Each structure stands twice: as C-alpha cells, then as structure tokens.
Amino acid sequence: MYLKPDSALLVNDKPFYIPPFAKEVEIHPCAVIRISRLGKNIAPKFAYRYFDGLTMGMNMVATDVLETALETHQPWMQAVSFDNSLIVGRMHDTAAESFDNWELRMDEKPVGNWTMDDLVMPMEDAISRLSSVVSIRMGDMIAVDFRTKALPAQVGTKAEGWINEEICFSNKIR
C-alpha cells in the first residue's frame with residue numbers, strides 16, 4: 001500500500017504523458033472508490049458506509065525507477081506517486097448500480113476483463129487497513145488493483161476503462 005498526492009489524479013480523459021525520468025511505465029488496472037465521510041480504524045463490516053462512488057482507473061508505475069529504488073533501499077515515491085500517475089474514470093453511484101463486469105481496452109481491443117472478486121483485496125478490507133494507519137476523509141480516493149499482469153504503457157496507445165459496457169475513461173498515452 002502507498003499513498004498518492006492529489007496531483008497524482010488524472011481526470012477528464014486528459015492524456016497521460018510518460019514522465020521524462022522514466023524509461024518504462026506499466027499500467028495496473030484498478031477499481032477506485034471515493035470516500036464519503038471521515039473515518040479512522042474502520043472495521044470491514046462497516047466500511048460500506050464510508051464510500052459512495054466507484055469507478056475504474058489505471059495505476060501507472062515507473063518500473064525502472066521502482067527497481068532502482070528497491071535495489072538502493074530508497075523511497076518509492078518517484079516511481080509510484082508522480083503527477084498524473086492515477087487515471088480516474090467518471091464516478092458511479094455505488095447505491096444505484098452493480099459492478100459485475102470491468103474491462104480494459106487498448107486501441108479498442110479488450111486486454112483484460114475482471115469482476116470485483118478479482119481485486120487484490122476486497123474494498124472493505126482496503127478501507128479498514130488504510131484507516132488503521134491514516135484518517136480517511138471525504139473526497140479521498142482509494143485505488144485497489146485487480147489481480148492481473150501489468151501492461152506496458154506505450155506511446156500512441158488509447159486506453160479505455162469500461163464497467164458494465166459503459167465507458168469510464170478514455171486516455172491517450174503520450
């Protein structure tokens with residue numbers, strides 16, 4: 001688990017630019033939840049009360065920078081928390097919808113399909129674990145990756161995230 005500043009959010013289908021300090025960037029498809037109230041030390045059984053929005057996203061990781069940081073025992077910040085490193089789609093109301101089918105398309109071709117069961121941990125556990133370390137506040141977003149192999153971010157590619165055949169985001173990689 002790691003934190004990202006608000007400058008890491010990339011919204012409104014703006015293009016993602018590979019940062020100049022990275023040679024390799026990987027895409028980690030994820031579910032992103034929007035926190036709706038203040039909380040600390042939240043039990044998993046009460047976590048559903050703390051979020052009201054859900055969307056698909058892409059967590060971008062500078063893998064070459066991360067490898068160097070791990071080898072030299074340096075912080076991961078530059079590799080995982082750089083500006084615009086979390087692509088966030090349009091939010092959906094969690095009370096009004098079900099979220100059965102998640103899909104990532106690259107240049108309009110499906111490259112991955114998931115369900116909520118494919119998250120690395122249930123949303124409720126993510127909220128509980130994070131809130132045991134820091135207070136979560138209204139407007140915070142928590143990204144939970146899907147269990148899948150990361151994809152390379154390639155210049156010129158168009159990435160689209162879909163939930164239940166409805167598009168959440170469409171971003172060019174530059």
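What is the volume of the largest pocket?

## Largest pocket

The volume of the largest pocket is about 710 Å³. A pocket here is an open set of points on a 1 Å grid over the protein atoms alone, where a 1.4 Å probe fits, with protein on both sides within 12 Å along at least five of seven lines. The volume is the space filled by probe spheres set on the points, which are joined across faces, edges and corners. Lining residues have an atom within 4 Å of a point. There are 25 of these residues, and Tyr2, Leu3, Met141, Ile142 and Ala143 are the closest to the pocket centre.

Strand S8 (141-145) and helix H3 (123-131) each contribute at least two lining residues. The largest share, 5 residues, belongs to S8. Helices (H or I, at least four residues) and strands (E, at least two) are DSSP runs, numbered from the N terminus. By class, the lining comprises 17 nonpolar, 5 charged and 3 polar residues. In this classification Ala, Val, Leu, Ile, Met, Phe, Trp, Tyr, Cys and Pro are nonpolar, Asp, Glu, Lys and Arg are charged, and the others, Gly among them, are polar.

## Basis of the model

The model is predicted: local features need pLDDT of at least 70 and side-chain atom pairs count only at pLDDT 80 or more, while totals for chains, interfaces and linings use all residues. Residues are numbered from 1 along each chain as its sequence is written, and side-chain values use heavy atoms, leaving out hydrogens and water.

## Salt bridges

Side chains of opposite charge can pair when their charged atoms come close. With a salt bridge defined as a side-chain nitrogen of Lys or Arg within 4 Å of a carboxyl oxygen of Asp or Glu, the count is 6.

Lysine 158 pairs with glutamate 108 in a salt bridge, with 4.0 Å between the closest N and O atoms. Because lysine 158 belongs to strand S10 (residues 158-163) and glutamate 108 to the loop between strand S6 (102-106) and strand S7 (109-114), this pair ties together parts 50 residues apart in sequence. Lysine 158 also forms a salt bridge with glutamate 160, at 3.4 Å between the closest N and O atoms.

## Burial of the paired residues

Buried denotes under 20% relative accessible area, exposed over 50%, and partly exposed in between (1.4 Å probe, protein chains only). Glutamate 108 is exposed at 59%, lysine 158 is partly exposed at 26%, and glutamate 160 is buried at 8%.
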